[in-house]
Amino acid sequence: MKKLFKPIHGVFLSLKTTIFLLFTIALVSIIGTLIPQQKEAGQYVAQYGLLLYRLFDLLGFFDVYGSWWFRLLLILLLVNLVFCSVSRLPRISTRGNLSKKEWVGRLGPHITHASLIVILAGSLIGNIWGFKGFVNIPQGESIETIALKGSQEMLGLDFTIRCDKFAVSHYPGTETPKEYLSELIVLEKGQEVFKKTIRVNDPLQYRGVTFYQSSYGFLPSRPEERKAELEIIPKGNGSRSSRLQLAEGETKQVQGTDYKVELVALIPDFSLGEGNRIFSRSDQPNNPAVQVNIYQNGKLSYKGWAFLKYPDFHGSRNDTHRVKFINYSGGERPYTGLMVVKDPGIPVVWAGFGLLILGLILSFFLRRRSFQKGGKDD
Amino acid sequence: MINHIMFQLTTFFYLLSTIAYFLCVGTKKEGFGRVASWIGLAGFAINTAAMAIRWVESHRLGIGYVPLSNMYESMVFFAWSIVGLHLLFERFYRSKGLGAVIMPLGFLCMGVAILALSPGIRPLMPALQSSWLVYHVVTCFLGYAGFAISFGVSLLYLFKKEEKKNGILPSRKTMEEINYKAIVVGFLLFAVGIITGAVWANYAWGTYWSWDPKETWSLITWFVYAILLHMRYTGRLVGRRMAYVSIVGFVSVIFTYWGVNYLLSGLHSYA
Ligand code: HEM
């Protein structure tokens with residue numbers, strides 16, 4: 001066992017191995033920058049053809065940094081680092097005849113190497129105990145679950161998040177967005193416990209979970225929220241026109257008159273299909289149209305269509321009324337798209353970053369080195 | 001836009017300085033070198049003032065930001081970093097010959113900026129509005145400047161054939177030392193650049209590392225120099241070999257800076 005272990009031990013202690021590993025990692029990393037990563041299979045087939053797609057897929061070229069062989073290389077580098085660091089530990093403690101400055105400087109490379117171990121450990125912690133997810137919250141609504149990234153799973157949070165408002169501000173006089181803002185409220189057991197307006201670069205953090213402003217959009221309106229404002233003009237002398245607002249299916253008696261108005265249909269995007277079938281092409285208010293019935297003393301006296309964008313369109317001469325469609329409110333609501341991240345490894349990674357900088361400063365500025373025959377100075 | 005005119009003036013000064021450095025090396029007269037340094041310093045001052053004025057102009061336009069957020073601004077800052085660091089190294093190593101390889105790099109950056117890149121001041125998209133962006137760009141480009149000096153010295157090392165005392169060019173030993181020191185400065189600052197970039201990405205997107213092409217190429221570049229430092233430690237990287245590896249490192253820098261933006265796609269497509 002020991003015999004078997006010895007040569008492996010030697011390999012991991014060698015600086016040649018380090019150089020080989022750094023070189024190999026750098027080289028294979030290039031693949032992932034040339035081939036777009038983690039895209040749809042269809043896109044790859046279109047770009048590379050089926051044969052090349054199969055080959056690249058087999059080799060893991062479409063997810064280089066998540067592939068087993070890339071992970072293996074990182075682990076080997078880690079083992080290499082640990083071996084070198086540990087085997088050199090005894091020499092740290094012996095100060096010999098070094099000056100204090102020189103001695104502290106000699107710690108530099110060790111701190112540098114330890115920092116890399118710390119950073120990798122931090123990223124591992126994040127991978128194991130953290131999560132990344134995504135959620136859309138319509139303005140005015142709350143959520144308690146998020147969709148996890150890279151899987152179909154949903155994840156329940158321990159609290160509720162409500163979005164009171166989403167807004168985009170623009171640079172004065174331009175269409176260029178300046179800020180995306182979401183007013184977020186954290187609720188626990190129905191109680192508001194925390195409140196923050198987040199923007200890009202300024203997330204909300206609560207109980208280790210961070211919410212980042214990431215996207216936005218508009219929800220199609222729900223039919224019951226769509227309203228049409230109509231102007232009804234009875235024909236004949238001396239009759240006053242009246243205005244009223246109706247939802248689809250609603251009937252209203254017009255005050256001070258003897259007629260009722262029924263909104264038979266409200267269509268946000270009016271279109272004619274085969275055989276003059278009427279349908280809504282989309283949920284967006286591209287061509288709002290209404291179908292209206294008017295009843296006088298319980299008898300149907302008017303039946304027709306009116307269009308928001310074509311106010312001059314109206315029915316026949318014999319009609320008892322003229323109907324004008326003057327306003328449409330669809331109730332489209334904005335939603336905010338949030339990236340939701342929990343990463344308990346962050347403090348560890350940040351500490352590693354600090355150590356890395358410290359280690360490099362000590363290595364580079366507190367040690368004396370000779371330049372006659374390369375860098376060997378120990 | 002006054003700033004653009006001042007950047008043009010800067011370019012002209014760097015060109016004059018380059019010519020004076022060439023004359024210095026060609027005629028072996030220190031005097032030209034001194035003139036070159038002074039012109040370089042004047043250019044550097046104008047370069048600094050131009051960046052400050054651009055900053056003020058951006059505020060006048062109501063979109064105030066630190067002018068380090070597009071290709072034009074990064075190029076003029078790169079030139080500023082190269083010339084600034086060069087003037088420091090020159091003072092420290094008392095050698096005028098270096099300018100003949102490094103000042104042309106500063107001139108080249110300025111020239112590309114004013115001829116090929118759009119100088120417009122445009123509003124920042126929300127993701128770029130972060131002070132981490134400033135720390136990130138400043139440290140990355142100062143790091144790049146260290147690597148640029150290493151590259152220049154390496155070229156000089158390869159061109160200077162034998163050890164002749166001429167007083168203008170530094171000795172080969174000194175050049176090797178300058179090369180190493182410049183890499184050390186670059187390696188440290190670039191490490192800080194990668195780190196501040198990671199912290200910024202974490203604020204803006206919720207991930208400190210996402211293996212996008214810019215990040216990956218930064219790491220590759222950093223690894224190339226890490227390999228160089230370790231190979232030096234084993235004593236196998238001296239003389240011309242050190243110069244060659246330094247040049248490879250700088251090719252990687254150029255690819256990280258320009259290649260990724262123009263040949264690959266990713267998050268960083270803005271700068
Ligand atoms: C990403 C990986 C690594 C980085 C960034 C890194 C960085 C450094 C730096 C900056 C130095 C100081 C160099 C100098 O002052 O010239 C150094 C020295 C050294 N490294 Fe690494 N290192 C890495 C991996 C490793 C590994 C895996 C080993 C183990 C075999 C190793 C062994 C050494 C040794 C033996 C020294 C010389 C220490 C001394 O001068 O006392 N390094 N490293």
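## Burial and dimensions of chain A

In this predicted model, 38% of the 378 residues of chain A count as buried. The radius of gyration of chain A is 35 Å, whereas a compact globule of 378 residues would have a value near 21 Å. Taken along the principal axes, the C-alpha atoms of chain A fill a box of roughly 115 × 55 × 45 Å. The secondary structure of chain A comprises six helices and 17 strands.

## The enclosed strand 11 and its partners

Strand 11 of chain A, which spans residues 259-267, has seven of its nine residues buried, and is therefore largely enclosed by the rest of the structure. Strand 11 of chain A is joined to strand 14 of chain A (residues 289-296) by eight bridges, and the two run antiparallel. Within this pairing, A:K260 has A:Y295 of strand 14 as its bridge partner.

Strand 11 of chain A also pairs with strand 10 of chain A (residues 251-253), in the antiparallel sense and over three bridges. Here A:E262 in strand 11 stands opposite A:T251. Strands 10 and 11 of chain A form a hairpin with five residues between them, and A:G256 in the turn has a positive phi of about 75 degrees.

## The hairpin of strands 4 and 5

Strand 4 and strand 5 of chain A run antiparallel and are joined by eight bridges. One of the paired positions is A:L187, whose bridge partner in strand 5 is A:E192. The hairpin has two residues between the strands, and A:K189 takes a positive phi near 50 degrees.

A salt bridge between A:R199 and A:E179 brings the closest N and O atoms to 3.2 Å apart. This pair links distant parts of the chain, with A:R199 in strand 5 (residues 191-199) and A:E179 in strand 4 (residues 177-188) of chain A, 20 residues apart. A:R199 counts as partly exposed because its relative accessibility is 27%. A:E179 falls into the partly exposed class as well, at 22% relative accessibility; the cut-off for burial is under 20% relative accessible area.

## Salt bridges beyond the hairpin

Over all chains, a search of the whole structure finds ten salt bridges. Among them is the contact between the side chains of A:R207 and A:E188, at 2.5 Å from N to O. This pair links distant parts of the chain: A:E188 belongs to strand 4 of chain A, while A:R207 lies in the loop between strand 6 (204-206) and strand 7 (209-219) of chain A, 19 residues apart. With a relative accessible area of 48%, A:R207 is partly exposed. A:E188 and A:R207 are also linked with A:D158 in a network of salt bridges.

In chain B, the side chains of B:E73 and B:R54 meet in a salt bridge at 2.7 Å from N to O. This pair connects distant parts of the chain, with B:E73 in helix 3 (residues 71-93) and B:R54 in helix 2 (residues 30-60) of chain B, 19 residues apart. Both B:E73 and B:R54 are buried.

Three strands of chain A form an open sheet in the order 9-8-16, with antiparallel pairing. Strand 9 (242-246) and strand 16 (321-329) of chain A stand at the edges with a single partner strand each, so one side of each is left without a neighbour in the sheet. From one strand to the next, the twist averages 25 degrees.

Strand 8 of chain A (residues 227-234) and strand 9 of chain A run antiparallel and are joined by five bridges. In this pairing, A:S242 of strand 9 is the bridge partner of A:I232.

## A nonpolar surface patch on chain B

A nonpolar patch on the surface is formed by B:L9, B:F12, B:L15, B:L16, B:I19, B:L23 and B:F32, which together have about 550 Å² of accessible area. Helix 1 of chain B, spanning residues 2-27, gives the most to the patch, with six residues.

B:I19 is located in helix 1 of chain B. Its relative accessibility is 41%, so B:I19 counts as partly exposed. This value lies within the condition for patch residues, namely over 30% relative accessible area and no salt bridge.

Methods. Residues numbered from 1 in each chain as written. Chains lettered and ligands numbered in written order. Predicted model: local features only at pLDDT ≥ 70, side-chain atom pairs only at ≥ 80, totals over all residues. Heavy atoms only, no water. Pairing = 2+ DSSP bridges. Helix = DSSP H or I, 4+ residues; strand = E, 2+ residues; numbered from the N terminus. Axes fitted to C-alpha atoms, helices over the stretch in contact; angles between N-to-C directions. Patch = residues over 30% accessible without salt bridge, like charges linked within 9 Å, V, L, I, M, F, W, Y side chains within 5 Å. Areas by Shrake-Rupley, 256 points an atom, 1.4 Å probe, with all protein chains shown as cover. Salt bridge = Lys/Arg side-chain N within 4 Å of Asp/Glu carboxyl O. Buried < 20%, exposed > 50% of the residue type's maximum accessible area, 1.4 Å probe, protein only. Rg over C-alpha atoms; globule rule 2.2 N^0.38 Å.
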